[in-house]
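The following questions ask how the terms used for a structure follow from their definitions.

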Amino acid sequence: MKKTVLVSCLLAGLATSSAVVAQSEKAQIKQGGDLTLITKLVDAHVRNFNPYNDAVGQYYARDFMYETLWIPNIMHPDKPIPVLATSYDVAKDLKSVTFNLREGVKWSDGEEFTADDVVFTVELAKKFPAYNVQGVLWYDETSGEGNIASVEKLGKYQVRINLQKPNGLAYLGLGAMYPLPEHIWKDVKDPKNFRNENPVATGPFINVKRFTPSIIKVCRNENYWQQGKPYLDCLKFPQYSGNEQALAAAAKGRVDWLGVGLSDTKSYSKKSKDNKFWLSPGGNTNLQLNTTKAPFNNLEFRKAMSMAINRTDLVEFATFGLTTATKYPIGTGEFYKSWYNEENLAKYKYLMEYNPKAAMKILDDAGIKDIDGDGWRDNADGTPINFKISVPSGWTDWVNSVMQISENLQDIGINARAHTPDENAWFDAVPTGDFDAYIMWTHSNVVPWGTYNDMFNPKDMNPPKLSFQAMHQMRLPELMVELDKFTQTIDLDEQKALIGKVHEIVAENLPVISLFANPEWYEYSTRNITGWVTEENPYVRPMVHGGTPERWFHVLQLHQK
Amino acid sequence: MKFLLTRLGFYLSAFWVAITLNFFLPRWMPGDPATHLFVSLKGKMSPEALEAIKKAYGFDGSLWDQYLAYLGKIFSGDFGISTTNFPAPVSETLFYAAGWTLFLVGISIAICFVLGMMLGVKSAWRQGRFFDTFFTPFNVMLYAFTQPVVCLLLFYGFCIELEWFPLGRAHDPALDPGFTFEFIGNVAYHAVIPLLSLVVIGVGSWHLGMRNTMINLLNQDFITMARAKGLSQRRVMYRYAARNAILPQITSLALTFGYVLGGSFIAEYVFNYPGLGKFTLAAIQSRDYAFIQSQLLLVTVCVLVANIISDLLNLWLDPRLRYAGA
């Protein structure tokens with residue numbers, strides 16, 4: 001018996017789900033026109049369409065040229081987007097994943113896309129470990145990392161990937177791969193250094209019409225497998241090296257789709273009624289405290305810290321009103337709001353509310369008072385409390401945040417200061433474990449499992465090889481048990497219950513202090529193009545940068561007004 | 001001859017010291033290219049991808065081995081692989097940017113020099129009169145303006161508000177580079193505001209330098225004699241005074257040209273001009289060792305060549321040097 005996930009009549013079903021592209025409108029959709037977009041700020045374009053090249057290739061080659069197998073729709077987890085695979089089966093023992101591939105897809109040189117290409121791509125990752133084939137991690141006996149044991153072709157359009165250890169989440173990573181055409185790439189001797197200047201792919205935009213250091217123009221695949229798509233003729237990627245230049249051009253309507261940091265949303269949108277933006281909540285930002293030493297090893301101290309921080313001011317002023325408040329002290333925020341169990345979490349809400357008086361009372365009760373008479377509180381054993389919260393210089397909103405948090409803490413008698421080293425020095429210092437507190441991002445994944453695993457896996461907690469997410473170094477074995485159970489089921493309700501337990505364990509222990517969710521930058525212009533994701537119709541995540549496979553679906557909905 | 005040999009020996013050792021520093025300085029900075037990429041993505045890259053990238057960039061062997069390989073590569077003209085544009089060779093973007101920097105900064109220095117000389121001569125000649133009392137302090141004031149202020153004001157005024165000039169770039173991306181009237185015109189149009197911003201800042205120091213040297217000269221006996229001979233004002237001003245006053249200016253011009261390839265980071269950044277300054281700053285931020293050391297190498301070579309030329313000129317102009325110690 002297999003648990004089968006089948007999405008029938010896939011694309012039509014999705015299209016109706018998104019109001020902008022309702023079937024009735026389809027008749028009037030205009031064909032043609034160009035879309036100008038900025039996927040990455042660069043000083044000069046360099047020709048490289050290798051989809052697994054992290055420095056250059058991924059920004060233009062992925063999603064527009066190379067297509068993935070399966071896109072988990074983070075905005076609507078119940079409506080995933082099938083691409084080159086039409087469905088997948090997870091074996092009942094969770095030890096293999098079978099992908100059923102789409103028939104009738106052709107590579108842009110006319111060759112047919114088949115299971116051989118997928119098998120080839122998976123095996124390529126084994127042959128060249130330094131070549132970062134996304135999502136494809138072979139089991140490595142020495143390190144214990146990775147999980148793929150073997151790959152086999154079951155039919156012309158069916159591939160099974162066998163796993164070393166049972167894992168119900170494996171289909172997510174594997175579905176994210178971009179299959180490569182075997183007949184081209186089998187002759188590539190050194191894939192990581194291959195620049196793939198004339199790509200052969202299955203995607204909607206594949207003809208490189210123009211390439212200069214200041215602009216790339218890629219035009220439609222005439223034989224695209226989705227009839228009548230793409231609606232647009234060409235994508236234009238102009239070169240911009242800085243936010244100011246890119247925003248000045250966007251404000252004048254010369255760029256249709258971009259995702260650069262805004263600090264002044266008003267001046268951008270007042271330039272034209274067509275200048276739109278939507279900043280959805282992304283990954284959560286937390287304070288990571290070094291819980292191996294005093295005072296951070298004291299739960300009462302961490303509680304007081306959390307209550308001393310004025311999060312309304314953080315969101316409104318320090319981060320220019322662009323971030324989203326985090327509701328519960330669980331290390332993750334609105335990005336995963338569909339996973340909340342609001343009933344169980346309500347009792348922890350007080351930890352997120354600004355209440356310096358209560359915070360001071362907690363400290364007094366815990367014996368954290370000014371013992372040596374210097375005006376600052378000291379540990380109960382009399383040793384002074386005096387620490388730094390570090391943030392790289394130049395990360396303006398985070399520097400503001402850390403400065404405000406320090407002031408909030410000083411208000412309740414804690415001697416905390418902001419510390420702003422150079423970005424690279426900051427990075428080098430983290431793994432040593434020699435620090436007090438850091439402000440830190442979290443990883444955004446399809447499901448919260450990855451985010452929590454990165455934060456709590458004890459193998460990442462060993463200085464001097466401490467990982468960024470596990471800097472707090474608080475070992476919570478009971479939490480890891482729930483996370484391990486999570487990988488052994490594909491039942492969503494069961495998964496939600498498990499994450500609910502994880503939430504409570506985090507809220508009870510406060511290994512990190514939750515602050516706010518960073519914005520996902522998304523600006524667009526309705527001057528010439530329509531069909532955009534909007535706050536009212538959020539059919540997929542709207543960002544244009546790499547790492548958002550949903551942009552494949554998004555770009556196929558866009559058309560001329 | 002001995003003078004020439006000692007100078008040559010000096011240049012060779014200076015070159016060696018410079019290229020050695022070029023190699024070690026970027027590597028002494030904290031961080032490395034792979035971790036920079038990871039940090040800059042703020043959580044959008046998985047730790048597994050970071051490991052793969054570290055493997056891909058693969059700096060083989062110890063620092064010493066890398067240093068020897070680097071020395072070998074310098075003499076074979078191989079600039080190495082860029083990590084920001086991995087795996088493109090550094091030379092691809094380096095020479096593209098060097099061309100535009102030579103154009104922009106080179107022309108701005110030429111304009112500053114000519115304009116500065118003319119203003120300097122005139123204000124020295126009319127010392128204390130209106131031209132001098134107005135333009136000299138005015139130019140010194142402009143010189144004291146910082147470049148970001150001037151660039152941003154010009155960018156905001158002429159490019160964003162008035163829309164007389166384009167927002168940036170070296171030319172319209174729709175045009176193909178070539179020796180056509182249209183392309184050259186377009187390049188000139190795009191260069192106006194960046195050039196203006198560089199000239200506004202740069203002209204003051206040349207003006208002041210020339211004026212001061214010239215004023216010293218005007219008190220010398222040979223000028224008095226030239227005047228006494230009844231030569232025309234013009235002839236005294238240009239043929240006697242200015243000609244002599246310009247000599248030290250030419251030496252410093254040679255040195256300034258040595259730094260052309262340092263680029264002009266601020267103007268290039270504000271106007272999105274594809275020059276070396278901007279590329280180098282980006283390379284430093286992302287710890288692209290190969291690019292940083294190649295750009296430093298270009299500057300080193302240029303400064304040394306400019307020095308050699310000025311030495312040779314001195315040798316030719318000043319016979320005392322030729323016979324010294326012979």
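Buried area is the accessible area, taken with a 1.4 Å probe, that two parts lose on being put together, summed over both. This is a predicted model, in which local features need pLDDT of at least 70, side-chain atom pairs count only at pLDDT 80 or more, and totals for chains, interfaces and linings use all residues. Residues are numbered from 1 along each chain as its sequence is written, chains are lettered from A in the order in which they are written, and side-chain values use heavy atoms, without hydrogens and water.

Q: What makes the area between chain B and chain A a buried area, and how much is there?
A: Chain B and chain A bury about 4000 Å² between them; this is called buried because it is accessible area lost when two parts are put together. Carbon and sulfur atoms carry 56% of it.

Q: Why is the pair Arg210(A) and Asp176(B) called a salt bridge?
A: The closest N and O atoms of Arg210(A) and Asp176(B) are 3.0 Å apart. A salt bridge requires a side-chain nitrogen of Lys or Arg within 4 Å of a carboxyl oxygen of Asp or Glu, so the pair qualifies. Across the interface of chain B and chain A, the rule finds six salt bridges.

Q: How many residues of each chain are in contact, and what makes them count?
A: In chain B there are 53 residues in contact with 46 residues of chain A. They count because contact means heavy atoms within 4.5 Å.
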